[in-house]
Amino acid sequence: MEKNGARGKFIVFEGTDGSGKSTQLKSLVKYLGEKGVSCFVTHEPTDSPFGAILRSCLTGRIDTDEHTIAALFAADRLDHIHNPVNGILKKLNEGVNVFCDRYYLSSFAYNGGFVPLDWVVALNAPAREALKPDVTVYIDIDPAQSMARVAKRGETERYEDIERQKQIRRNYFDLFKRFPDENVAIVKSMDDKNETQKNLRAVVCKTLGV
């Protein structure tokens, strides 16, 4: 466990598709590891059977509706939190700092734009009650720039078109106002990735106290 048996911190990264959060998170955790900070990186959808079904829905291999996708995300998230083998709560209680690529604000911003938001919020109430992030880092990027990055990947997923991404970005900022109790730090995605990383480190290191 960490010194003094302290519980780990739970830090979430959010953003639209192509924001660079996954790449930035990888660099950040490498930096923290070199400083001796105990880190565990995870993501949603997870690698569980729930997550595998979700990925098939998002890529179009399984054709389903937004209500089903939202429900699958909620189920995947609860297992992610409570799984007795590698769940987030287990890691935190072991003193490990957990970094998660997407969490319930993603469901609110993405699914909540296509089905009633209040329903999605209610669906995720058990997750919010069980575990809220110590900080949510939102990497902000212009949708046109983010979609240019996505286009370079080749295959696109369910939400990856410019109009949807514009709406999802608006949804995120509406959510930050609706849920002021969520500790959100907005970090601008800069052309210089190193500058973005520097700003991310400032937020996260303050949260971790390192």
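Rings of Phe, Tyr and Trp (for Trp, its six-membered ring) are taken as a pair if their centres lie within 6.5 Å, and planes under 30 degrees apart count as stacked, over 60 as edge-to-face and the rest as tilted. By this definition, F10, Y103, Y104, F108 and F179 form one aromatic cluster. The model is predicted, so that local features need pLDDT of at least 70 and side-chain atom pairs count only at pLDDT 80 or more, while totals for chains, interfaces and linings use all residues. Residues are numbered from 1 along each chain as its sequence is written, and side-chain values use heavy atoms, with hydrogens and water left out.

**Aromatic pairs**

A search of the whole structure finds 10 aromatic pairs, and two of them are set out below.

| Pair | Distance of centres | Angle of planes | Class |
|---|---|---|---|
| F10 and Y103 | 5.0 Å | 90° | edge-to-face |
| Y172 and F176 | 6.2 Å | 40° | tilted |

F10 and Y103 are both buried, where buried means under 20% relative accessible area, exposed over 50% and partly exposed in between, with a 1.4 Å probe and protein chains only. Y172 and F176, which are also buried, both lie in helix 9 (residues 162-178), 4 residues apart, or about one turn of the helix.

**Backbone features in loops**

The loop between strand 3 and helix 5 also holds R102, which has a positive phi of about 85° although it is not a glycine. R102 counts as buried because its relative accessibility is 12%. In the loop between strand 2 (39-43) and helix 2 (49-58) lies P45, which is joined to E44 by a cis peptide bond with omega of about 0°.

**Helix 10**

At the start of helix 10, a side-chain oxygen of D192 reaches to within 2.9 Å of the backbone nitrogen of N194. The buried residues of this helix include T196, L200 and V204, and its buried residues pack against strand 1, helix 1 (21-34), strand 3, strand 4 (135-140) and strand 5 (184-188), where contact means heavy atoms within 4.5 Å. Just after helix 10, G209 takes a positive phi of about 75°.

Technical notes
Helices (H or I, at least four residues) and strands (E, at least two) are DSSP runs, numbered from the N terminus. A polar contact is a pair of N or O atoms within 3.5 Å; within protein, one must be able to donate a hydrogen and the other to accept it, and residues adjacent in sequence count only if both atoms are side-chain atoms.
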